[in-house]
Amino acid sequence: MYHQKRMNRGQISFFSESLRSELERKRLLSEELLTALINNCFSLVYQPIIDSKTHDIYAIEALIRWQLKGENIPPDEFIPIAEQYGLISKIGFWVLETACQQALTFQKLTPDLSVSINVSVMQLKEIEFASKVKSILADLNFPAHKLHLEVTESVFANDKHTFLYVVKSLQELGVRISIDDFGTGYSSLSSMLDVGVDIVKVDKSFVQDEDERGLSIVNAVVQMASSLNFNVIAEGVETPLQCKKLTQLGVTHLQGYYFSRPLTSSALIEYLNNKKAS
């Protein structure tokens with residue numbers, strides 16, 4: 001019943017073996033997620049974000065990975081399950097603490113390096129979220145202005161009062177706020193003005209749009225950025241031509257396979273050393 005309400009609300013549906021399999025997998029993953037938390041079975045990889053003009057590394061995005069019995073479980077599968085079963089807060093704070101801790105090592109090679117971390121809408125509903133972030137940063141002695149928290153546009157469709165309170169509290173600490181996958185979900189300029197976002201990440205679907213209508217959207221975002229004073233990051237950059245066009249449009253930062261795939265911590269250290277030597 002709840003599956004039908006989520007997928008095809010208001011329509012008739014029948015229970016099936018495929019739905020049984022889907023529910024069984026969700027149940028299994030929910031149980032294994034708790035075990036993974038206890039046994040520290042998650043890992044992080046990092047994808048560089050590049051300055052479009054200098055091609056110097058500006059920041060890294062931390063991405064969680066989970067391997068279960070030899071199978072790589074994608075985040076877009078297990079994160080919604082973690083949200084549904086109330087595990088997302090613990091996983092989110094594990095990512096935050098681990099990423100900041102490892103970033104301190106990376107900053108020895110690249111002092112100005114920032115780390116970007118995805119935050120669930122569910123976490124931003126927690127009134128104590130900002131104080132917990134403050135505590136982690138203080139314990140690690142990690143500079144707040146080097147932490148970027150990425151939220152999706154869907155936050156604007158939720159409890160706006162709590163969201164704004166939490167975001168303002170984070171910004172008062174010095175933490176920077178990014179809107180991820182911009183242009184693919186619910187958003188409004190009034191909401192963005194209320195939040196005072198620091199960074200907008202344009203979704204890769206606009207970058208990779210072959211008929212270039214997507215680039216018109218990117219151009220519009222760049223024009224807004226100059227007026228509203230936020231940086232623009234284009235995701236999904238995979239070719240030299242995309243890199244060139246986005247730079248010409250005035251996009252300040254670029255991210256994608258053209259520059260680097262997500263790297264393990266050891267591979268990132270090698271990447272930073274190579275950048276430093278070049």
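Where is the place of Asn229 in this structure? Asn229 sits in the loop between helix H10 (213–228) and strand E8 (231–234). The model described here is a predicted one. Its protein chain has 12 helices and 9 strands, and the structure holds 9 salt bridges. The points below begin with the chain as a whole and then turn to individual residues.

**The chain as a whole**

- The protein chain comprises 278 residues, of which 45% are buried.
- The accessible surface of the protein chain comes to about 14,600 Å², and carbon and sulfur atoms account for 52% of that surface.
- When contacts in the protein chain between residues at least 6 apart in sequence are considered, 68% of them join residues at least 24 apart.

- Asn229 has a phi near 65°, which is a positive value in a residue other than glycine.
- Asn229 is exposed because its relative accessible area, 69%, is over the 50% cut-off.
- Asn40 likewise belongs to a loop, in this case the one between H2 and strand E1 (42–51).
- The phi of Asn40 is near 55°, again a positive value in a residue other than glycine.

**Glu24 and Arg27 within helix H2**

- Glu24 is found in helix H2, which covers residues 17–38.
- A salt bridge joins the side chains of Glu24 and Arg27, with an N to O distance of 3.0 Å.
- The side chains of Glu24 and Arg27 are also recorded as making a polar contact, at 3.0 Å.
- Because Glu24 and Arg27 are 3 residues apart in helix H2, about one helical turn separates them.
- Glu24 has a relative accessible area of 41% and is therefore partly exposed, since this value falls between 20% and 50%.
- Arg27 is partly exposed as well, with a relative accessible area of 38%.

**Arg25 and its two partners**

- The side chain of Arg25 meets that of Glu71 in a salt bridge, at 2.9 Å from N to O.
- Arg25 lies in helix H2 and Glu71 in strand E3 (residues 71–73), so this pair ties together parts that are 46 residues apart in sequence.
- Arg25 also forms a salt bridge with Glu77, where the closest N and O atoms are 2.5 Å apart.
- Glu77 lies in helix H3 (residues 75–84) while Arg25 lies in helix H2, so this second pair ties together parts that are 52 residues apart in sequence.
- Arg25 counts as partly exposed, at 28% relative accessibility.
- Glu71 is partly exposed, with a relative accessible area of 36%.
- Glu77 is partly exposed too, and its relative accessible area is 24%.

**A network of salt bridges**

- Side chains of opposite charge can pair when their charged atoms come close.
- Four residues, Glu61, Glu150, Lys201 and Glu235, are linked in a network of salt bridges.

Technical notes: Residues numbered from 1 in each chain as written. Predicted model: local features only at pLDDT ≥ 70, side-chain atom pairs only at ≥ 80, totals over all residues. Heavy atoms only, no water. Helix = DSSP H or I, 4+ residues; strand = E, 2+ residues; numbered from the N terminus. Buried < 20%, exposed > 50% of the residue type's maximum accessible area, 1.4 Å probe, protein only. Polar contact = N/O pair within 3.5 Å; in protein donor to acceptor, adjacent residues only side chain to side chain. Contact = heavy atoms within 4.5 Å. Areas by Shrake-Rupley, 256 points an atom, 1.4 Å probe, with all protein chains shown as cover.
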